[in-house]
Amino acid sequence: MKRAPRQSGLLRTAPVPWHIVTGEYPPAPGGVADYTRSVARGLASAGDEVHVWAPAARSELVGDPGVRLHPLARGFGPRGLLTLSREFSRQPRPRRLLLQYVPQAFGLRGMNLPFCVWVASLRQTQVWVMFHEVLVLWQPRRLRRAPLAIATRGMAAVLSCRADRSFVSIPSWERLISSFRPRQPQATWLPVPSSVPTDVSPDSVQSVRARLRLAPETPLVGHFGTYGAGLAPILRQTALNVLRADPRRRLLLLGRGGDAFARVLASEPVVANRVMATGELAASDVSAHLAACDALIQPYGDGISTRRTSAMAGLALGIPIATNPGWLTEPIWRESRGVELAASADQVADAAEILLRDPSYAAGVGERGRLLYRGHFSLEHTVRALREEPEDTA
């Protein structure tokens, strides 16, 4: 697995225009949408010509200086694909298509093989694929997902065999796509950076704590996520254990779904009005609220990994994070000691207790996390890796 370069400064400007194709883009919500916009802005700020092709059926795509938008009113379905093919063919050649790939993001219930075939058919076009996810795994107990698993495997095979360069959000994806293209160059590991600002002023932090009516000595524990059904039971128990251990503590829930999850917790006697939820916030407000927290609890069913933007947000701000490893977790999380790792997701509250009971130790964890982010995961790192011409194709 190749890691993206870490040299300081941007490398030479890519001579080929970027055509970023994505299944979601702001104002549509989602981690891939936020990531794609950040990358588009970063490339444009570096002086590159950048185009974005994304669905926009109900609202206009969010524009940024230097980014040329191509809204696709019909998405990537049969009629939309005809429109995309016609419009894309009018673009000057040579071209570079940078596909932000998540199989479920391109319609047809996650089985849009015709779209992948269209990408593979492009000529006089460099095809680069960023695999945020690769395929849907088939579980024998869930037979209804077998067609989806088979289709997404075929889609990944088509794209990985066509790609001139491949990138993966976590090293585990490399093992999957290498089985489709054993003789092609290895994919480059390109961690997903934070989707919210990575700098917050002390005044903004104080303002947040004042609005939340928190005394300076009140410990504030946060969680940033989407509160999906799969994680909710573990997160619920983690939150209750953290609150039960100290009656002074408050819990702050950030992200879509936080309000509903707060109502679920409110039925527990131990909560006693100690849980607050922000609902959806502007990106800068998310950062300010995260920075107001003394620690974050971030349990994950498959473990922390470099595609978890919720963890990256806290990491970039230097907030101590209690989390857990899993089958997708990279070795760098243990090696760096930039987070407090529990043995499993249901023991994250124990890891949080270590942070909350020793502020000095927690500050060290937070600082190592901040340095880890800046050295490996920042947006500048992503843009630099994309703009670097690899040795085998330069």
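Student: How many aromatic pairs does the structure hold?
Tutor: There are twelve aromatic pairs in this predicted model. One of them joins F76 and F106, whose ring centres are 5.0 Å apart, with 70 degrees between the planes.

Student: What is that arrangement called, edge-to-face or stacked?
Tutor: The F76 and F106 pair is edge-to-face, because an angle over 60 degrees counts as such.

Student: Where do F76 and F106 lie?
Tutor: F76 is in the loop between β4 (67-72) and α2 (78-89), and F106 is in the loop between β5 (95-101) and α3 (113-121). The pair therefore ties together parts that are 30 residues apart in sequence.

Student: Are these two buried or exposed?
Tutor: F76 and F106 are both buried.

Student: And why is the pair of W333 and F377 called tilted?
Tutor: The planes of W333 and F377 are at 35 degrees, with the centres 5.6 Å apart, so the pair is tilted. W333 belongs to helix α11 (residues 332-336) and F377 to helix α13 (residues 359-377), so this pair ties together parts 44 residues apart in sequence. W333 and F377 are buried as well.

Student: Back to F76 and F106: which aromatic cluster includes them?
Tutor: They belong to one cluster together with W53, F88, Y101, F115, W118 and F131.

Student: A new topic: which charged end sits over the ring of W128?
Tutor: That of R96 does, at 4.0 Å from the ring centre. R165 also lies over the face of W128, 4.8 Å from the ring centre.

Note on methods. Residues are numbered from 1 along each chain as its sequence is written. This is a predicted model: local features need pLDDT of at least 70, side-chain atom pairs count only at pLDDT 80 or more; totals for chains, interfaces and linings use all residues. Side-chain values use heavy atoms; hydrogens and water are left out. Rings of Phe, Tyr and Trp (its six-membered ring) pair if their centres lie within 6.5 Å; planes under 30 degrees apart count as stacked, over 60 as edge-to-face and the rest as tilted. Helices (H or I, at least four residues) and strands (E, at least two) are DSSP runs, numbered from the N terminus. Buried means under 20% relative accessible area, exposed over 50%, partly exposed in between (1.4 Å probe, protein chains only). A charge sits over a ring if NZ of Lys or CZ of Arg is within 6 Å of the ring centre and within 35 degrees of the ring normal.
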